[in-house]
Amino acid sequence: MSGGLRKLLGRRFTSSLRIGLVGLPNVGKSALYNLVTAEGAGVASENYPFCTIDPSTAAAVVGDEVLDGLQTVAPGAKMVPALLNVTDIAGLVAGAAEGEGLGNKFLAEIREADAIAHIVRCFDDGRTTHVVSGLDRPSPADDVATIETELALADVETTGRALARAKGKGALATGARAVVGAVHDHLQGGGGMVASMGEGLRNLLDEHPEGAQALRALQLLTAKPVVYVANVGDDWLTDGSGSGAMLAELTAAVGGDSAVVPVPVALEAELADLDAADADEYLVELGLPASAASAGSQKLIHTAYSDCLDLGSFYTCGETEVRAWTIQKGMTAREAAKVIHADFYDAFVKMEARGTRARAGADRGQGVCHGR
């Protein structure tokens, strides 16, 4: 229900929605950020906790087979892909909700993100320092619990303050108080992320629709859509030994309905630094297909864009430029045209779907638009 929760609470659409990279210190957030951002921002990613303090934001290219296919329609035209803003947020530790490890600063940065990519260490190379000393091996389940407990504690405080204000001034309507109170009790009782309330929350919002606006206004950390990123070792791609076991532990810990994307961050980063020929040769040595060079990181961006934030693309194709415009899934073709320019909405006549793929995707705004 993670992405569905965003629909349930009412989606805010802008072209600058962003996903925050969240996790314990030293799990590979900054290395992943450098890997996925279009500019290769060069954020420090050293082997010690709190290497990152100030957040960095850059754009990641959203891979798109439809856009690639349009190159045959307009050969030589400039290809402009959709972009997703990604923010590298410093690592949280136990006690963050009480300010441990600059926790309040980092939690505030997460609050500004529209969705969360929770990076979890699923490798053990004996060299990378874990924030908890003395561990025989990383425990993905424990690491997830540490982060989500801190997010929940911060939200318990937020919902508690809202309920206290409502008692004194009647700031929340009765229905909204019921919804916020139910979320407060869920979090305080250790129920986990708000999405785990499932049908209970859906039914409560059906009864008290004003509660959705109240929850949106609180910007709860635990109500944000989440994709879990398993930072796996190279062994996951070959024999799947140690990383495979930790990936299975992570998947079991977050539940079957949650999106878990394995990304061999160190390997993909190493390949990104090689020229194409050397990268291909290295992959052959490892017995891996060429797609392994960026398959994990590309899937992460696609999952964050399409599933977490519920975004899609609307295409324009001309002699000089072919562009994928970011739209909210479910927009009509006319609404999608407005993303390009308000005049296109006012002058919209029809959309013509061309070809088998276009007809299949016509309800998603794919096709040729006609205006007056």
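At what angle do helix 6 (residues 174-188) and helix 8 (residues 210-218) pack, and how far apart are their axes? In this predicted model, local features need pLDDT of at least 70 and side-chain atom pairs count only at pLDDT 80 or more, while totals for chains, interfaces and linings use all residues. Residues are numbered from 1 along each chain as its sequence is written, and side-chain values use heavy atoms, with hydrogens and water left out.

Helix 6 and helix 8 pack at about 55°, their axes lying 7 Å apart. Axes are lines fitted to C-alpha atoms, for helices over the stretch in contact, and angles run from 0 to 180 degrees between N-to-C directions; helices are DSSP runs (H or I, at least four residues) numbered from the N terminus. Helix 6 is therefore oblique to helix 8, a class left for angles that are not under 35 degrees (roughly parallel), over 145 (roughly antiparallel) or 65 to 115 (roughly perpendicular). The crossing is right-handed, the near helix being turned clockwise from the far one by less than a right angle. Gly175, Ala176, Val179, Val180 and Val183 of helix 6 meet Glu210, Gly211, Ala214, Leu215 and Leu218 of helix 8, contact meaning heavy atoms within 4.5 Å. By class, these residues are 7 nonpolar, 2 polar and 1 charged.

Helix 11 (residues 265-272) takes part in a contact with helix 2 (residues 29-36), at about 40° and with axes 10 Å apart. Helix 2 and helix 11 are therefore oblique to each other, and helix 2 passes helix 11 in a left-handed crossing. Ala31, Leu32 and Leu35 of helix 2 meet Val265, Glu268, Ala269 and Ala272 of helix 11. This contact has 6 nonpolar, no polar and 1 charged residues.

Helix 11 also meets helix 12 (residues 276-286), where the axes come within 9 Å and cross at roughly 145°. Leu267, Glu270 and Leu271 of helix 11 contact Ala279, Tyr282, Leu283 and Leu286 of helix 12.

Turning to the aromatic rings, the charged end of Arg121 sits over the ring of Phe123, 4.7 Å from its centre; this requires NZ of Lys or CZ of Arg within 6 Å of the ring centre and within 35 degrees of the ring normal. The charged end of Arg323 likewise sits over the ring of Trp325, 4.8 Å from its centre.

Definitions and conventions:
Helices (H or I, at least four residues) and strands (E, at least two) are DSSP runs, numbered from the N terminus. Ala, Val, Leu, Ile, Met, Phe, Trp, Tyr, Cys and Pro count as nonpolar, Asp, Glu, Lys and Arg as charged, and the others, Gly among them, as polar.
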